[in-house]
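Colleague: Could you take me through this one? I'd like to go spot by spot.

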Amino acid sequence: MHMLNLGILAHVDAGKTSLTERLLHSAGVIDEIGSVDDGNTRTDTLALERRRGITIKSAVVSFPLDGVTVNLIDTPGHPDFIAEVERVLGVLDGVVLVISAVEGVQAQTRVLMRTLRRLRIPTLLFVNKIDRSGARHEAVLREISARLTPAIVPMGTAAGLGTRAARFTPGLGPAAALDVLTGHDDALLAAYVENTVTDASLHGSLVAQTREALVHPVYFGSAATGAGVKALLSGIETLLPAADGDADGPVSATVFKVDRGPAGEKVAYARMFSGTLRTRDRVPFGTDAAEGRVTGISVFGHGTDTREDSVTAGRIARLTGLGDIRIGDAIGEPRKAYEHFFAPPTLETVVVPGPDVDRGALHLALTQLAEQDPLIGLRRDERRQETSVSLYGEVQKEVIQATLAEEYGLDATFRETTPLCVERPVGTGQAVEFNKKDPNPFLATVGLRVDPAPVGSGVGFRLEVELGSMPYAFFKAVEDTVRETLDQGLHGWQVTDCVVTMTHSGYSPRQSHAHQGFDKSMSSTGADFRGVTPLVLIEALRRAGTRVHEPLHHFRVEAPADTLGALLPVLAGLGAVPGAVPGTTRNREDVCLLEGTVPAARVHALEQRLPGLTRGEGELESSFARYAPVTHGTIPERPRTDHNPLNRREYLLNVTRRVGG
């Protein structure tokens, strides 16, 4: 039987989890359909998910079709949990993107569809809630074509919209299908010109182009009543590609989720792309190719996971025994580098422990939460005994607070959320410290030059000295320390988009006294290079100069045209820079489309104020746009958590316990 790893994606409240329940019921996996409102769905297993009625963690459940076993992965719809979606995308064979027939194409729908098209993941569209008052058919199709992609093929017609009797009648409209399919199929175009198109050739072209993500079939239906679900299941089985992979090939898998079992042990969810993994196998994993022994394997089938002795290519498994495993790690042969498809978090807050809460226990709990979400970074300030956490938004902060309380018994609050800025060099600067020359107390020569690099290029490290001029371990110590030091620039923010070049190197060879061992006081060690590098790099940065950049989001607001007068002053007060584009949507009164940029720190305030300004009719879509120089007010500073190489005396006291120069 073929395997299909299927993702269910949607904007929050489009009915994604309800559709998952309906699919499982239609496949005979569950006898009764769970309700999000009642908190008894199969995939929302966390108490917090059931209480809030939203999906927070991705969940895997399996069901059989006639010729395919489907591993269905339900993902969060709220943009604050986009990291959960990101990890799943790399292991999917196909996707069902759910859209509400009432609300139509929404902000997160657009973000998801852009990513799916860029990654060329085969995608079916399911327009849900045709039984709800206000449901639309033709208008939603026009929205999809205009706001998502024109490469859509309606797979039937909906009737009785807005009533419990709403139904979907399958049927591939030849005219509409031909218009789209002939754009990518010369043979079909020739057959059309010669009037020799058959149903078989039309369907064959649809299958081929759907599997190549060139076109996207559209189904209508209702997860609540089951309308259209049978047709969708048929499309899942026939139009989406089965998982491939050679079971006899080398082991290659990717970890997309890490959880913890009842005893606190790590549980890795991995997609097998090649080979067969067995219990008690020793396998390399991660970027450092550490080895671990697999102590347990569970595979998914018929609604649950069961213990097995092995897992083969194409399947998803829960693995235990790999204690240091992380999300994004490759198991066995790496398939490809772990990719980030969405922007990283742009906000940060300090976690404040409640009365009588042990700070060490709080930090450990946050570390375990960060293991499960690689886009959430922790920053520990040992001097202030504070931990900062990076975030996507306020809902995520509320969820972290509730999780700490419910799963760890820890009471914590948060300081005000602040934007995560970056620093970029504005010029070129270089510095050098020479071995055995004051004021350098380290037995190492290190010279570094910092140059600006194109936006988005990250950090590069190069050598202008001979690689054989000293032991490789010393070069590695310098490079690793450069990257670590750049986490905190002149203003405390991460430095990016630069190239650091090593211009000078030198060391004291290994020396020893007669009849005695290695003398560290006369010989260079890695610690010497790790010690002097921050001083050299920060001085080079000081001479180059850096500029702090704050994160900006692109926003798109649709609101009634008569509310524009109230909206514009508020946007200006939030630091937004809009441009107005009048237009008409959804065949109702005129609306105004506003697009522009707004500081990331002000997006939440805009979300909160928009309903009151627009009588509840305004819609906001926002996503990270770029970093822009801070040109107004005080330059934001971030407290340092390192030994502060900006202050040479303080740094040397902390690192060497003595002062040089």
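Colleague: Where is the place of Thr563?

Modeller: Before that, a word on the source: this is a predicted model, in which local features need pLDDT of at least 70 and side-chain atom pairs count only at pLDDT 80 or more, while totals for chains, interfaces and linings use all residues. Residues are numbered from 1 along each chain as its sequence is written, and side-chain values use heavy atoms, with hydrogens and water left out. Thr563 sits in the loop between β31 (546–560) and α14 (564–573), where helices (H or I, at least four residues) and strands (E, at least two) are DSSP runs, numbered from the N terminus.

Colleague: Is Thr563 buried or exposed?

Modeller: Thr563 has a relative accessible area of 4%, so it is buried (buried means under 20% relative accessible area, exposed over 50%, partly exposed in between, with a 1.4 Å probe and protein chains only).

Colleague: And what does Thr563 touch, not counting residues up to four places away in sequence?

Modeller: Leaving those sequence neighbours aside, Thr563 touches Leu613, Thr614 and Arg615, where contact means heavy atoms within 4.5 Å.

Colleague: Switching topic, where does Asn435 lie?

Modeller: Asn435 is in the loop between β26 (429–433) and β27 (444–452), and its relative accessibility of 14% means that it counts as buried. Not counting residues up to four places away in sequence, Asn435 touches residues including Phe442, Tyr507 and Ser508. The C-alpha atoms of Asn435 and Tyr507 are separated by 6.7 Å, although the two residues are 72 apart along the chain.

Colleague: Now the helices: how do the axes of α12 and α13 cross?

Modeller: The axes of helix α12 (residues 472–485) and helix α13 (residues 526–544) come within 8 Å and cross at roughly 40°; axes are lines fitted to C-alpha atoms, for helices over the stretch in contact, and angles run from 0 to 180 degrees between N-to-C directions. That angle makes α12 oblique to α13, since angles under 35 degrees count as roughly parallel, over 145 as roughly antiparallel, 65 to 115 as roughly perpendicular and the rest as oblique.

Colleague: Which residues make the contact?

Modeller: Among them are Phe474, Val478 and Val482 of α12, and Phe529, Leu537 and Ile538 of α13.

Colleague: Last one, what is the order of the 7 strands in the open sheet?

Modeller: The order is β2-β3-β1-β4-β5-β9-β6, with mixed pairing; two strands pair if DSSP finds at least two bridges between them. β2 (59–64) and β6 (152–154) each have a single partner strand, so one side of each is left without a neighbour in the sheet.
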